[in-house]
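Colleague: I would like to go through this model with you. Could we begin with its interior?

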Amino acid sequence: MYEHFETGALHDVGGKHPHGSLNMPIYQTSTFVFDNAAQGSKRFAGEEAGYIYSRLANPTVRLLEEKIAAMEQAEDCVAFSSGMGAVSATLLTFLSQGDCVVADSVLYGCTFSLMSHVFPRFGISTRFVDCCDLEALKAAVAQGCRLVYFETPANPTMKIVDIMAVSEAVHEINPDCLVVVDNTFATPFLTRPLHLGVDIALHSATKYFSGHGDVIAGMAVGSQALMDQVRNVGRKDITGSVLSPHDAFLLLRGIKTLACRMQAHCEGAQQVANYLSRHDKVETVYFPGLPTHPGHAVAKKQMNRFGGMVAFEVKGGEPLAKRFVDSLKLCSLAVSLGDAETLVEHPASMTHAAYTKMEQEAAGISGGLVRLSVGLEHPEDIIEDLKQAFDLL
Ligand code: 4LM
């Protein structure tokens, strides 16, 4: 393991690859041949190390898992074929009928949907709270809870949750209650949640890990004991949400440049947020790097920089927000985030459309809210595009 993040992201765990290949080969195989029946039985019994079948493990995917575990300074990582694969497989590994989840009210729309619409079908309930309100959180956990779940920065409002304060409060009430954070917006380059007391961190690796808008993938990281269960139950048996070796290769390529891309995303987002905060057609800017953001002090404590995501409310609400996004030329109107290109979307009608109007209001997702994933273009060009779109309002 290397001391500096940049070096660890570039140099492979475990050294050289076959034939001196600089990059890990793509082991595009579903299955692995045993020497004999005795060897096959031993592998199945866990008495001999070695590959069996790519739903269980694959060398290219395994290297990626080891690399991401090292980046998060976690004991292990399990890769999935999507971020939602990571979320659902991890949650279903640990939740049973009759269990209760306590979750923050601001979540990615499909995660919210899973908890509020799908889990009840299996007898799993969710109490939604504001994890910034520690008293409300403690009261909800004290009523009985198997797992606490939140995002920080949260999608799409950029709410910052104090990871250490939440982990300590929850574990004090119930040491067995799992604290799970979705670390997609921060990445381990900005925040390492396991150091701050959470049990499991999740990622949509579709976003910054890939960085190029060409892969759908997810990750779970945590202790060996927890990840063994996630791998053997949530991935192998429940969801079968297996990452393909080719997508693992693309992710290994993407994460070589994660550190320098994140620096540029953070720099661009800060400049864009500063510009927006001075614009008279903007009601509010949500970016943790602004001193006016309610989570600024906590963000300074738990993030190395403030990330590449910015949200803001356009004055005049939904009609003007939609006219604004329709007028952008450089920024692409698309969901997803963390790509090289700047992406813009309207959360209330797109990523968070699964929330009812009332739920959106409670979570602070207004019709005027616009979300920007600041890309790697020159920040002045992004600002110029925003300016021409505002001028048309
Ligand atoms: C989006 N997000 O917001 P896959 N966790 C977080 C996310 O933002 C997402 C996922 C998990 C968006 C997708 C369209 C915080 C996704 C789910 O899309 O399944 O890799 O990740 O624009």
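Colleague: Which helix gives the most to the lining of the largest cavity?
Modeller: Helix H3, residues 59-72, does so with three residues; helices are DSSP runs of H or I with at least four residues. This is a predicted model, where local features need pLDDT of at least 70, side-chain atom pairs count only at pLDDT 80 or more, and totals for chains, interfaces and linings use all residues. Residues are numbered from 1 along each chain as its sequence is written, and side-chain values use heavy atoms, without hydrogens and water.

Colleague: How much space lies in the largest cavity?
Modeller: About 60 Å³. A cavity is a set of points on a 1 Å grid over the protein atoms alone where a 1.4 Å probe fits but cannot get out, and lining residues have an atom within 4 Å of a point.

Colleague: And which residues line the largest cavity?
Modeller: Among them are Ser-54, Asn-58, Val-61, Arg-62, Glu-65, Arg-235 and Leu-243. The lining divides into six nonpolar, two polar and three charged residues.

Colleague: Changing topic, how is the protein divided into domains?
Modeller: Domain 1 covers 5-255 and domain 2 covers 258-391.

Colleague: What area is buried between domain 1 and domain 2?
Modeller: About 3,200 Å², with 64% given by carbon and sulfur atoms; this is the accessible area (1.4 Å probe) lost on putting the two parts together, summed over both.

Colleague: How many salt bridges are counted between domain 1 and domain 2?
Modeller: One, taking a side-chain nitrogen of Lys or Arg within 4 Å of a carboxyl oxygen of Asp or Glu. Lys-301 and Asp-162 form a salt bridge at 2.8 Å, N to O.

Key:
1 Å grid on protein atoms, 1.4 Å probe; cavity = no way out; pocket = protein on both sides within 12 Å on 5 of 7 lines; lining within 4 Å. Points joined across faces, edges and corners; volume = space filled by probe spheres on them. Helix = DSSP H or I, 4+ residues; strand = E, 2+ residues; numbered from the N terminus. Nonpolar A, V, L, I, M, F, W, Y, C, P; charged D, E, K, R; others polar. Domains from an automatic or database assignment.
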